[in-house]
Amino acid sequence: MTNENSFDSIHAYGKWKSNLVQAIEEFQGWLDSTELEESEQSLKIYETLQTLKHDRITLAFVGEFSRGKTELINAIFFSQFKRRLLPSEAGRTTMCPTELFYDIDEPKPYMRLLPIESRTEDASITEQKQDSVNWTHIQLDISSPENMASSFAQITNTKKVKASEAKRLGLYDVITDNNGTELADSQIVEIPMWRHALINFPHPFLEQGLAILDTPGLNSLGNEPELTINMLPNAQAAIFVLAADTGVTRSDMDIWRRHLKSFRRNHHNGLVIALNKIDTLWDDLKTDSEIKSSIQRQCAETAHTLSIDAKRVFAVSAQKGLIGRVRDNAKLIKASNLNAMENVLSNEILPQKEQLVRNTLITDINEMMQESKSILLGQFNSKKKSIQDFSGVGGKNENIIQVLLEKTRKEQAIYHNNAENLQSSRQILSGQHNRLKRIINLDQLDKQVSDARKLMQGSWTTTGMKKSMKSLFDNISSTMNEAAKQTELTNRLVKSIFNRFQNENEDTDIKPKLFSIASYKQEIDTLYQDAEEYRTSVYSTMTEQSFVIKKFFISLVSRARNIYYQLNKDADDWGKRALTPLIRQVKGHKKELHLRLDQLKKAGQSRDSISERITSLKIEAKGLQKHIFDVNKMLTTINTPMPAIVHKKKMPDNVTAIRG
Ligand SMILES: Nc1nc2c(ncn2[C@@H]2O[C@H](COP(=O)(O)OP(=O)(O)OP(=O)(O)O)[C@@H](O)[C@H]2O)c(=O)[nH]1
Ligand SMILES: [Mg+2]
């Protein structure tokens, strides 16, 4: 493979992730062997492992038709097949959004196609993905690139239907011919055969968790709101593809304004501009430096038009890159400049993704490991204390045992007191937490949603309908603000409970895990902006009202519900676990003290049992030490960042002039 180096970091990311999975699986077994395991913890670990294993990094290719999006995908990812794998031709080619990924639950390569007629159904594409019966399933023969290419050709299929059918499917509101005359309902138009394509493919990058989203040009984004509202915003990175032979046209600008500006707002570094087809500027009658400056000029103009940093614009040739890689022609590969763009993508997206995984998944596991470790450390210290006490008793008189008994009983009384305090704190916390749960209650949200739907359906004007859309999202946002305030109060209470515990038990050092609502609030804020964009879009004004309402609920409202659902679930989990570290600590101590007391009593009766006891305490302490050593190792693994990829080669410019 000639393009191996550019995406080295995908392998590094895959390796990092599989180390995490391994350490977390080890932790699962470890918890079992230490008898510290609790059902809530096991569930959380199971969920984390599932999320990690299924986690994907999505890279979306967006742009007007025929700019070379699919050709870029062929060149970047599939050149090792020594042919053009995905259909890329002049004119409109890709007719439906196409996702390429690796399905770890179903490793047999397949392509699934969702019929265009599903647009009239209530289920979103995300929901449709859960139910494979609605999709046309095609097994892929990966032993033959020719067979694969012919299967992939189906993505370009169209069919002829009456204009009335195209309207029913919400593909058009008004259909006109080239002269702008409206077509009669009975006239025939061409529409895509499929609504969405899924390709499961064991490509090394896809196996590491990369997913590619190829989108068709020509307003397909506007036609499938779910693409704009769900799939694109959820991608980690996007490549906006322009072509040097056309320059930035009005329809390119339209796509940029409507779909990519908001993407850039939420993804900072995740957006790259590919100024493709630079080979069309290669001119045998010009010198290399003349060509280079003309490419540079076009890049600068593009950056200026889009108001974007010129460093984000990469002048590339997908076609020459593909040919170069297929034929192992190093000069052509260099001239295509694909490496430069690939390096930026792989160097910027993956570290961001790593950070995200770290913040969302690893934090919880890290806390669980730290908490279990601190319990074992407590047990270890207590064993050490007992060993010291017993060793001190040796051949001395009864009094010492009495003193130790007295001391242990006192400690026991303190812990008894702690347990009672904790019980009453638990009740107060539960009151506060219930208040939070009442605010984010899903039934309440469902009622708001159903009221809004009735209002919208009953509304006579587009303005009335849009007003109801806004007021629903205003309500959702203000509920989130209220929830944020209540969370703050609950967190304050948890902190004070932990502080008090710390003051009463000097040798413990457990930090509280606070609940943060920030990420849900951020998601709702983004959704609010997306809803505003949808509400004010040309699509929602131009398309038939019932279709606009349907899409609004399927795409945007269901997303809000998902965020609320997740928030409820996470708040519940947290509520159950907030005081668990303290409760476990108290329980552990209680058990330990009970044991010590028992042994002291026995020691008072027989001298022999003392040395036996010291021996078994030493064995137990050693066992604990081993457990602590193991969990430390797991902690190191999960906290080790993904190694930075050092590129051996000099990073190429984002402009190249050498011709192939
Ligand atoms: N000269 C030249 N032609 C290219 C380049 N990249 C793509 N093309 C050609 O441009 C045409 C369109 O390419 P596609 O990859 O199908 O474009 P697309 O953006 O995927 O188009 P849709 O699928 O219709 O949205 C094809 O004939 C490609 O061979 C390039 O770098 N240079
Ligand atoms: Mg295409």
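User: Why is lysine 82 called partly exposed?
Analyst: Lysine 82 has a relative accessible area of 41%. Buried means under 20% relative accessible area, exposed over 50%, and partly exposed in between (1.4 Å probe, protein chains only), so with 41% lysine 82 is partly exposed. This is a predicted model, in which local features need pLDDT of at least 70, side-chain atom pairs count only at pLDDT 80 or more, and totals for chains, interfaces and linings use all residues. Residues are numbered from 1 along each chain as its sequence is written, chains are lettered from A and ligands numbered from 1 in the order in which they are written, and side-chain values use heavy atoms, with hydrogens and water left out.

User: What makes the phi of lysine 82 worth noting?
Analyst: Most residues other than glycine have a negative phi. Lysine 82, which is not a glycine, has a positive phi near 60 degrees, and its place is the loop between helix 3 and strand 2. Helices (H or I, at least four residues) and strands (E, at least two) are DSSP runs, numbered from the N terminus.

User: Is asparagine 337 buried or exposed, and how do you know that?
Analyst: Its relative accessible area is 3%, and therefore asparagine 337 counts as buried. Asparagine 337 also has a positive phi, about 65 degrees, without being a glycine, and lies in the loop between helix 13 (330–336) and helix 14 (338–393).

User: Why does serine 124 count as buried, and which residues does serine 124 touch?
Analyst: Its relative accessibility is 4%, so serine 124 is classed as buried. Leaving aside residues up to four places away in sequence, serine 124 touches Glu226 and Ile554, where contact means heavy atoms within 4.5 Å. Serine 124 sits in the loop between strand 3 (110–115) and helix 4 (125–129).

User: How do you know which atoms coordinate the magnesium ion (ligand 2)?
Analyst: Donors are N, O and S atoms within 2.8 Å of the metal (3.2 Å for Na, K and Ca), and water is not among the atoms, so sites may look incomplete. OG1 of Thr70 and OG1 of Thr94 coordinate the magnesium ion at 2.0 Å. The two residues link distant parts of the chain, 24 residues apart, with threonine 70 in helix 3 (residues 69–77) and threonine 94 in the loop between helix 3 and strand 2 (98–101). Threonine 70 and threonine 94 are both buried.

User: What makes strand 8 mostly covered?
Analyst: Strand 8 (residues 210–214) has five of its five residues buried. In a regular strand the side chains alternate between the two faces of the sheet. In strand 8, Leu210, Ile212 and Asp214 on one side are buried, as are Ala211 and Leu213 on the other, and both faces are covered.

User: How do you know that strand 8 pairs with strand 1 and with strand 2?
Analyst: Two strands pair if DSSP finds at least two bridges between them. Strand 1 (residues 57–62) and strand 8 run parallel and are joined by five bridges, while strand 2 and strand 8 are antiparallel over three bridges. Leucine 213 in strand 8 stands opposite alanine 60 and is the bridge partner of glutamate 99.

User: What secondary structure does the chain have, and how much of the chain counts as buried?
Analyst: The chain has 22 helices and 11 strands, and 51% of its 660 residues count as buried. Its C-alpha trace spans about 110 × 65 × 45 Å along the principal axes.
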